[in-house]
Amino acid sequence: MPCGCSVQGEVLDDLRHVDVDQQKRRVSGEQALRAFIEQMQTMEISDAAKSGDGTTQNVGIKVNATFQCAECRQKFDSEKAKQLHWKFIHDPNRHQED
Ligand SMILES: [Zn+2]
């Protein structure tokens, strides 16, 4: 006769899966934030470099920062970084997200 152990095991398995998913989401959120912060720090460096003597030197500047934000003058070295920036800075719907 069934004792219910296998059912319980399946439920526990489900719970574990949910837990892992949530952890993954949390980690990727932290990584996204960290990447965003790094991006902002990079922008500060390149802005400071540009305001120097006006010459274009690639010291401390990401030379492959070619992804121009459509809403401001900032550039990013990847589409993902640009999208992250946009989401944090310009996205009018971000507060409505869960
Ligand atoms: Zn922008």
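**Figure 1. Order of the elements in the predicted chain.** From the N terminus on, the elements run α-β-β-α. The chain has two helices and two strands, where helices (H or I, at least four residues) and strands (E, at least two) are DSSP runs, numbered from the N terminus. This is a predicted model, in which local features need pLDDT of at least 70 and side-chain atom pairs count only at pLDDT 80 or more, while totals for chains, interfaces and linings use all residues. Residues are numbered from 1 along each chain as its sequence is written.

Figure 2. Of the 98 residues, 7% count as buried; a residue is buried if 20 or more other C-beta atoms, placed from the backbone, lie within 10 Å of its own, exposed if 12 or fewer, and partly exposed in between. Among contacts with a separation of 6 or more, 24% are between residues 24 or more positions apart, a contact being two residues whose C-beta atoms, placed from the backbone, lie within 7 Å.

**Figure 3. Q74 in the loop between β1 and β2.** The loop that holds Q74 runs between β1 (67–68) and β2 (75–76). Q74 counts as buried because it has 20 C-beta neighbours inside 10 Å. Q39 lies 35 residues from Q74 in sequence, and their C-alpha atoms are 9.9 Å apart in space.

**Figure 4. Two faces of helix α2.** Within α2 (residues 79–89), A81, K82 and H85 are buried. They lie on the same side of α2 because they cover an arc of only 100° around the axis, taken from the directions from the helix axis to the C-beta atoms. Exposed residues E79 and K80 are on the face of α2 turned away from its buried side.
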